Amino acid sequence: MTAPSSVPTVLVGVHGHGRWHLENVARATRAGVPVHLAGICDTRPLTDQQRALAGDVPVTARLADLLDAVRPGITVVSTPIHTHAELALTAAAAGSDVLLEKPPTPTLAAFEQLALDLAGTGRACQVGFQSLGSRALPYVRGLLADGAIGEVLGIGAAGAWQRDASYYARAPWAGRRSLDGVPVVDGALTNPFAHAIATALAVDGADGVGEARVELYRANPIEADDTSCLRLVTARGTTVAVAVTLCADREVEPYLVVHGTRGRIVLHYRPGRVRLERGGRVETTEHPATDLLEDLVATVREPGRPLLVPLAATRAFMQVVEAVRLADEPAEVPPAHRRTDRSGAHPRAVVPGVADAVERAADGLALLSELDLSWARAGAAAARG
Ligand SMILES: NC(=O)c1ccc[n+]([C@@H]2O[C@H](COP(=O)([O-])OP(=O)(O)OC[C@H]3O[C@@H](n4cnc5c(N)ncnc54)[C@H](O)[C@@H]3O)[C@@H](O)[C@H]2O)c1
């Protein structure tokens, strides 16, 4: 039984990351949050397991049909990046608030248009940057405001994950910069490690960024980047440098490092773990996160209540997406500097030494081409902001 005031919620895109949303709605309902799954939209059929998890809710291939049938209070959009704007707007125009996956759109122009169109509907839109719901963020910002590490010299970020060929084979848009002429911008910086950029900008508190220098590389046979870095200066004058890879020889859980004149703060944004290093002492704290769906439910019940990650707060991040979109195409890591790991179910491209490299980049606020990496020096893409 759901409470009478429980917010009916539909999920658009149930495969891939949508599976997490399906479980998250069920978790929230079980936890007593006034929200329940009321329908699913996907262009592909559900698996038996998804059907069992979903229960007896309507499933449609067209969002408009589901909106007609269900009249949801919340629509969760977890579909390919280039489909976000249209689906989010369709939901909002039908009177639903929206939880939209990141990145909100593939281009800055589409973002501005979506922001304008959504404003016209009066509906709320929360963007799925979970790390921005973490209490670690106000904690770190408080430390910085108190001068805990002195003057901020810059913010570095690094992450190294291992993704095999099945990651790129799972969907036609995976690893593409565009699909059938439509921008997709599915690179390491803009999709899997988008949280690193968004969290760095949120720590700084910047509402915009200046020109970004972007370097894109690829070790996989894909169009987009799987190994990349950027450096920019925010509107507040802070240097932010991010280096990431999906071709890791060793996994590095993504983190930010705020360099200060009297110490540094390392933020592992996924678990919300903060390590404050100053005066030869280290203090580690863990901070819980508010679930972004639960936060949106609270706003549905109390219209006008501020969201944790409203669409407007992601504009600076979208400027970075735009810089990546406009950067030169990724340079191939030469065969001599990559190998293929065939020990798993699917082959996996590996760039030996890349995990150390992204960490060194974050440490020195450096671009990969500024390190002693012959493949990066040879192939640095010219950058435009
Ligand atoms: N917040 C996070 O940590 C996180 C993690 C992974 C992915 N994501 C985001 O989630 C979104 C989905 O990513 P994914 O990797 O699961 O993609 P995917 O391609 O693997 O899955 C997308 C799903 O949407 C469905 N779909 C596609 N077009 C549709 C349409 N027009 N109407 C209805 N359904 C449609 C597909 O059939 C599929 O079920 C992306 O925006 C991605 O960036 C976020």
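Entry 1, a loop residue. The model is predicted, and I began with Ala219, which touches Asp226, Thr227, Cys247, Val333, Arg338, Ala349 and Val351 when residues up to four places away in sequence are left out of the count. I placed Ala219 in the loop between β10 (209-218) and β11 (227-234). Is Ala219 buried or exposed? I found 26 other C-beta atoms within 10 Å of Ala219, and since 20 or more is the cut-off, Ala219 is therefore buried. I also looked up Pro335, which is 116 residues from Ala219 in sequence but 8.2 Å from Ala219 in space, taken C-alpha to C-alpha.

Entry 2, around β13. Strand β7 (residues 152-162) is joined to strand β13 (residues 247-260) by 8 bridges, and the two run antiparallel. β13 also pairs with strand β14 (residues 263-268), again in the antiparallel sense, over 5 bridges, and I noted that Val257 stands opposite Val266 in β14. With 2 residues between them, β13 and β14 form a hairpin.

I then turned to strand β15 (residues 273-278), which 6 bridges join to β16 in an antiparallel run; the bridge partner of Leu276 in β16 is Glu283. β15 and β16 form a hairpin with 2 residues between them, and Gly279 in the turn has a positive phi of about 55°. How many of the residues of β16 are buried? For strand β16 (residues 281-286) the count of buried residues is 0 among its 6 residues, and I wrote the strand down as hardly covered.

I traced an open sheet of 6 strands in the order β3-β2-β1-β4-β5-β6, with parallel pairing. Because β3 (59-60) and β6 (125-127) stand at the edges and each has a single partner strand, one side of each is left without a neighbour in the sheet. For β6 that partner is β5 (residues 97-100), joined to β6 by 3 bridges in a parallel run, with Cys125 in β6 as the bridge partner of Val98. Helix α9 (residues 292-301) lies across β1 (7-12), β2 (35-41), β4 (74-77), β5 and β6, and runs at about 165° to β5.

I looked up how helix α4 (residues 84-93) packs with helix α5 (residues 108-121), and found an angle of about 5° with the axes 9 Å apart. The two helices are therefore roughly parallel to each other. Their contact is made by Ala85, Ala88, Leu89, Ala92 and Ala93 of α4 and by Ala110, Leu114, Asp117, Leu118 and Thr121 of α5; by class, the residues of this contact divide into 8 nonpolar, 1 polar and 1 charged.

Where the two meet, 15 residues of domain 1 are in contact with 23 residues of domain 2. Which element gives the largest share of the side of domain 1 that touches domain 2? That share, 3 residues, comes from α5, and the residues of this side divide into 10 nonpolar, 4 polar and 1 charged.

Definitions and conventions
Residues are numbered from 1 along each chain as its sequence is written. This is a predicted model: local features need pLDDT of at least 70, side-chain atom pairs count only at pLDDT 80 or more; totals for chains, interfaces and linings use all residues. A residue is buried if 20 or more other C-beta atoms lie within 10 Å of its own, exposed if 12 or fewer, and partly exposed in between; C-beta atoms are placed from the backbone. Helices (H or I, at least four residues) and strands (E, at least two) are DSSP runs, numbered from the N terminus. Two strands pair if DSSP finds at least two bridges between them. Axes are lines fitted to C-alpha atoms, for helices over the stretch in contact, and angles run from 0 to 180 degrees between N-to-C directions. Angles under 35 degrees count as roughly parallel, over 145 as roughly antiparallel, 65 to 115 as roughly perpendicular and the rest as oblique. Two residues are in contact if their C-beta atoms, placed from the backbone, lie within 7 Å. Ala, Val, Leu, Ile, Met, Phe, Trp, Tyr, Cys and Pro count as nonpolar, Asp, Glu, Lys and Arg as charged, and the others, Gly among them, as polar.
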